[in-house]
Amino acid sequence: PNTYTTENILSRLNDLLKIEGAKLLFGGKELANHNIPAFYGAVEPTAVFVPLKEMIKQENFEDCTKEIFASFQVVTEYNDTTLNLVLDALERISQHLTAAIYVCW
């Protein structure tokens, strides 16, 4: 099967957490007491915060925007002065599927 294993997902998490300023918001652990086959990812819903200025760097961008089919998200924050960076980043994502913008007024 062409899936992300638990090992793949946790490895991606660890790579993201190496980015300066990144932090785990929640999840990040293998599901407890499961009997899901090893080739499927069995990870708690997970969110990682990565600062926008780090996310848009060439060396981090692909890791931060690569879509995986799991309960896994990369979160950042922006404001009026950084909105153009967000819009530019959205244009750089090849599939245009992985990003959602949540605005809190």
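Biologist: How many of the 105 residues of the protein chain count as buried?

Modeller: The share is 30% of the 105 residues. This is a predicted model.

Biologist: Why is Thr6 called buried?

Modeller: Buried means under 20% relative accessible area. Thr6 has 10% relative accessibility, so Thr6 counts as buried.

Biologist: Where is Thr6 placed, and which residues is Thr6 in contact with, leaving aside neighbours within four places in sequence?

Modeller: Thr6 is in helix α1, residues 6–17. Thr6 is in contact with Glu30, Ala38, Tyr40, Gly41, Ala42 and Val43.

Biologist: Now Asn33. Is Asn33 buried or exposed, and how do you know?

Modeller: Exposed means over 50% relative accessible area. Asn33 has 82%, so Asn33 is exposed. Asn33 lies in the loop between β1 (23–26) and β2 (46–49).

Biologist: What makes the phi of Asn33 worth a remark?

Modeller: Most residues other than glycine have a negative phi. Asn33 is not a glycine, yet its phi is positive, about 50 degrees.

Biologist: What is the run of elements from the N terminus on?

Modeller: The elements run α-β-β-α-α-β-α. The protein chain has four helices and three strands.

Biologist: Which order do the three strands take in the open sheet?

Modeller: The order is β1-β2-β3, with mixed pairing.

Biologist: Why are β1 and β3 said to stand at the edges?

Modeller: β1 and β3 (72–75) each have a single partner strand, so one side of each is left without a neighbour in the sheet. Neighbouring strands of this sheet are turned by 30 degrees against each other on average, direction ignored.

Biologist: How do you know that β2 and β3 pair?

Modeller: Two strands pair if there are at least two bridges between them. Four bridges join β2 to β3, so the two strands pair. β2 and β3 run parallel. Thr46 stands opposite Phe72 in β3.

Biologist: Which strands does α1 lie across?

Modeller: α1 lies across β1, β2 and β3, and runs at about 10 degrees to β3.

Biologist: What part of the accessible surface belongs to carbon and sulfur atoms?

Modeller: The share is 51% of about 7,400 Å² for the protein chain.

Technical notes. Residues are numbered from 1 along each chain as its sequence is written. This is a predicted model: local features need pLDDT of at least 70, side-chain atom pairs count only at pLDDT 80 or more; totals for chains, interfaces and linings use all residues. Side-chain values use heavy atoms; hydrogens and water are left out. Buried means under 20% relative accessible area, exposed over 50%, partly exposed in between (1.4 Å probe, protein chains only). Contact means heavy atoms within 4.5 Å. Accessible areas come from the Shrake-Rupley method with a 1.4 Å probe; for residues, only the protein chains shown count as cover. Axes are lines fitted to C-alpha atoms, for helices over the stretch in contact, and angles run from 0 to 180 degrees between N-to-C directions.
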